[in-house]
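Good morning, and thank you for coming. Please look at the sequence and the model together.

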Amino acid sequence: DGGADGPFSRALAGAVSRRLDEAEAARVAGDPNWWKIREATLLAVGTVDDFILDHEQALAERGVHATFSAPGFLKLVLDADLGGREDGTPGGSTGSHP
């Protein structure tokens, strides 16, 4: 069934992680369009956010922790964007995965 929380959370977590890693690699490489990959990822997650939250709620009612967490994803993105990088400039690495 793709894991305790099913294939949806695992597939979503994998896809989001790959895109955020791709955006970060492009940023580090100096690609001026790196942010477009990141923004597209944010838009994709935002488009299905109601479904994600409903899925998390249903899993929580069964005592199962979702592989992809909407609050965890938001915290990851905000920490990276607002937390700053080691060089003191705004933004930052995507670091860990949602």
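The structure holds 2 aromatic pairs, where rings of Phe, Tyr and Trp (its six-membered ring) pair if their centres lie within 6.5 Å, with planes under 30 degrees apart counted as stacked, over 60 as edge-to-face and the rest as tilted. In one of them, the ring centres of F8 and F51 are 4.8 Å apart and the planes stand at 90 degrees, so this pair is edge-to-face. F8 belongs to helix 1 (residues 6–28) and F51 to helix 3 (residues 49–61), so the contact ties together parts 43 residues apart in sequence. Helices here are DSSP runs (H or I, at least four residues), numbered from the N terminus.

A word on the source: this is a predicted model, in which local features need pLDDT of at least 70 and side-chain atom pairs pLDDT 80 or more, while totals for chains, interfaces and linings use all residues. Residues are numbered from 1 along each chain as its sequence is written, and side-chain values use heavy atoms, with hydrogens and water left out.

Next, the charged contacts. There are 4 salt bridges, each being a side-chain nitrogen of Lys or Arg within 4 Å of a carboxyl oxygen of Asp or Glu. One of them joins R27 and E24 at 2.6 Å, N to O; both residues lie in helix 1, 3 residues apart, about one turn of the helix.

Finally, the surface. L74, L78 and L82 make a nonpolar patch of about 320 Å², for which residues need over 30% relative accessible area and no salt bridge, and nonpolar side chains (Val, Leu, Ile, Met, Phe, Trp, Tyr) are joined within 5 Å. Areas come from the Shrake-Rupley method with a 1.4 Å probe. L74 lies in helix 4.

Note on methods:
Patches are made of residues with over 30% relative accessible area and no salt bridge: like charges are joined within 9 Å, nonpolar side chains (Val, Leu, Ile, Met, Phe, Trp, Tyr) within 5 Å. Helices (H or I, at least four residues) and strands (E, at least two) are DSSP runs, numbered from the N terminus.
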